[in-house]
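I opened the model to look up a few backbone and packing details. My notes follow.

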Amino acid sequence: MWGGDFLSNLLKINAEWCEKAMSLPLLKPIDLGGLAISAPVILAPMSGVTDQPFRRLARSLGTPMVVSEMIASQAMVRENRQTLKMAELDGFGGPASVQLAGCDPATMAEAAKLVVDRGAAVVDINFGCPVKKVALGQSAGSALMRDEIAAARILEAMVKAVPVPVTLKMRMGWDHNSLNAPNLARIAEACGIRMVTIHGRTRQQFYTGQADWAFIRRVKEAVHIPVIANGDILSIEDAEEALRQSGADGVMIGRGAYGRPWLLGQIAAHLMHGIRAEEPRLAEQKRILLEHHALMLEHHGTEPGIRIARKHVAWYSKGLPGSAEFRVAVNHATSAEAVHALIDGFFDPLIEQGVTAVRDAYREAGEGRIAA
Ligand SMILES: Cc1cc2nc3c(=O)[nH]c(=O)nc-3n(C[C@H](O)[C@H](O)[C@H](O)COP(=O)(O)O)c2cc1C
């Protein structure tokens, strides 16, 4: 068993691993033109998930940068109450970006001014949303990838409207016959956009298949502004591989942070400083969940908060023994006390038994959960 073959294979694997590890330099801060992003590891905007409590919590756990959920520019201009709540910043200092969607340049520009007045340090534009209502109903989101002239008008108007950096998030293209992200990125750069994030899928893929990190390299090679790679990054290893394949300047992570708001802090520590942080112990995860729940109730109000928080509570329990029954019970609980009692009843025995959680809420969540 300990013969030459085994040892030489082991040495070969080790050498390959070292070569791979060495070939990826530490990530560097990026400059958005007067605004430095000290660590380009960014929490993805996710409607109905990355609300202000989630962003605040993620920030407190080391996430370097966050983006608000997508905000409809028309609703922002009407100063709709719910919309204003979505645009609330996390109050943690550091650059906070607010994302806007829409198809009318003047309304988008007006909405950009409003969010900057409310403290946004960066305005992000959504050219990636695949949802029918947005893309087909309003010719916004990913539909703008099919109309580069309309896209350019929006980009120009928004850059002109605000003194802060304007960034763009898009997909590879509408479908595999029109992979125009590199061209649109060039147009964006010419319009004064300071950074582009590419979700490595087409609109027609929605969330199916695998994100194509290698394609993102084509965008990176097309422009001089920073490019961020996005899609299916669930771990430190995925982040490294996405950077290796794309040559991007940073990563954006969404579903990987379901029930793991500490993930981006861990990935940032590794990519920026080579520090590999341990997964928090289960007792710490429970503490974070309770804090998350309290923040949600404070932000949304008790009754809506309990309802909206259910999916998050479930994500924290994924992969742990008894989580299916726990989820059902949480879905029926209607008071904060009842939810807390369920959390105690679920986590405390596992903590006592020394169970360590190795779970991945997103992989287990399944495609069916994805709303936007
Ligand atoms: C529930 C959900 C909501 C989303 N909402 C938005 C949004 O508001 N704006 C946006 O640009 N992308 C949105 N996305 C796309 C994500 O930002 C991201 O591009 C995509 O999920 C791929 O990254 P991931 O694999 O790390 O999740 C959403 C995705 C999900 C799953």
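This is a predicted model: local features need pLDDT of at least 70, side-chain atom pairs count only at pLDDT 80 or more; totals for chains, interfaces and linings use all residues.

Residues are numbered from 1 along each chain as its sequence is written.

The axes of helix 7 and helix 8 (residues 181-191) cross at roughly 30° and come within 9 Å. I took helices as DSSP runs (H or I, at least four residues), numbered from the N terminus. Axes are lines fitted to C-alpha atoms over the stretch in contact, with angles from 0 to 180 degrees between N-to-C directions.

Next I listed the contacts (C-beta atoms, placed from the backbone, within 7 Å). From helix 7, E148, A151, A152, L155, E156 and V159 meet L184, I187, A188 and C191 of helix 8. By class, this contact of helix 7 with helix 8 has 8 nonpolar, no polar and 2 charged residues.

Then I checked phi. Most residues other than glycine have a negative phi. E79 is not a glycine, yet its phi is positive, about 55°. I found E79 in the loop between helix 3 (73-77) and helix 4 (81-86). E79 is exposed, with 10 other C-beta atoms within 10 Å (exposed is 12 or fewer, buried 20 or more, partly exposed in between).

S139, also not a glycine, has a positive phi of about 50°. S139 sits in the loop between helix 6 (132-135) and helix 7 (148-161). S139 is partly exposed, with 15 other C-beta atoms within 10 Å.

How values were computed. Helices (H or I, at least four residues) and strands (E, at least two) are DSSP runs, numbered from the N terminus. Two residues are in contact if their C-beta atoms, placed from the backbone, lie within 7 Å. Ala, Val, Leu, Ile, Met, Phe, Trp, Tyr, Cys and Pro count as nonpolar, Asp, Glu, Lys and Arg as charged, and the others, Gly among them, as polar.
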